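Subject: Structure handover

Hello,

Here is the structure you are taking over. Please open it first and then read the notes below.

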Amino acid sequence: MPVRRVLKYPKDEARLRKPSTAVKRIDNSIKNLIKDLKDTLATEEGAGLAAPQIGEHQRVVLVRFGQDQGEMQPPLTLINPVITEKGPLVKSFDGCLSLPKIFTWDALRPSWLEFTATGEDGEPIAMRVEGADAAVVDHEVDHLDGVFFLDRLDKDAKLYFARTDENGKEKLVLLPALPS
Ligand SMILES: [Zn+2]
């Protein structure tokens, strides 16, 4: 299955803003979509990827848990994820494969959340996650609703750009204003 192009902000904003529709049946087209998402995420450093980011407006996302433990787990597929309960919003690390190399520590995300979903083999999933894992689920479910992470920034949020210097070292540079 092919690696797909990830839609980019702001060029592809209209498609990133389009809400996705619920999956009715895990048929071959959904199985192929999940394979494409996995192949695409495998080439990136992200902790998650949503189907609309590759232009497929179906409620399917991949999440990789374990960032707070220092090691990301393999991607978990969530079909029709629904957040059923959320803790208080806290400033969280965030970034998006649709806006590469831009990061913030000031995105407002729930400190914990509970969600339900269907797994890729049709199994029911119900989990409670916290910290970075909660932020990732919230970020990916937002994509299904056409919400972009810049919408979740605190009003004093700082955005950083990861620039590679002449020695090939990455360093974070504060951006003067939101990219538009
Ligand atoms: Zn994203």
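β4 and strand β5 (residues 99-110) run antiparallel and are joined by seven bridges. Within this pair, C96 stands opposite L99 in β5. Two strands count as paired if DSSP finds at least two bridges between them. Helices (H or I, at least four residues) and strands (E, at least two) are DSSP runs, numbered from the N terminus.

Before going on, two notes on the source. This is a predicted model, in which local features need pLDDT of at least 70, side-chain atom pairs count only at pLDDT 80 or more, and totals for chains, interfaces and linings use all residues. Residues are numbered from 1 along each chain as its sequence is written.

β4 and β5 belong to an open sheet of four strands, in the order β4-β5-β8-β9, with antiparallel pairing. Its edge strands are β4 (89-96) and β9 (170-174), each of which pairs on one side only.

Strand β6 (residues 112-118) and strand β7 (residues 124-130) also run antiparallel, joined by seven bridges. E114 faces R128 in β7 as its opposite residue. β6 and β7 form a hairpin with five residues between them, and G122 in the turn has a positive phi of about 90°.

As for the whole protein, there are three helices and nine strands. Along the sequence they follow the pattern α-α-β-β-β-β-β-β-β-α-β-β. The C-alpha trace spans about 45 × 35 × 30 Å along its principal axes. Of the 180 residues, 31% count as buried (20 or more other C-beta atoms, placed from the backbone, lie within 10 Å of the residue's own).

Regards

Terms used:
A residue is buried if 20 or more other C-beta atoms lie within 10 Å of its own, exposed if 12 or fewer, and partly exposed in between; C-beta atoms are placed from the backbone.
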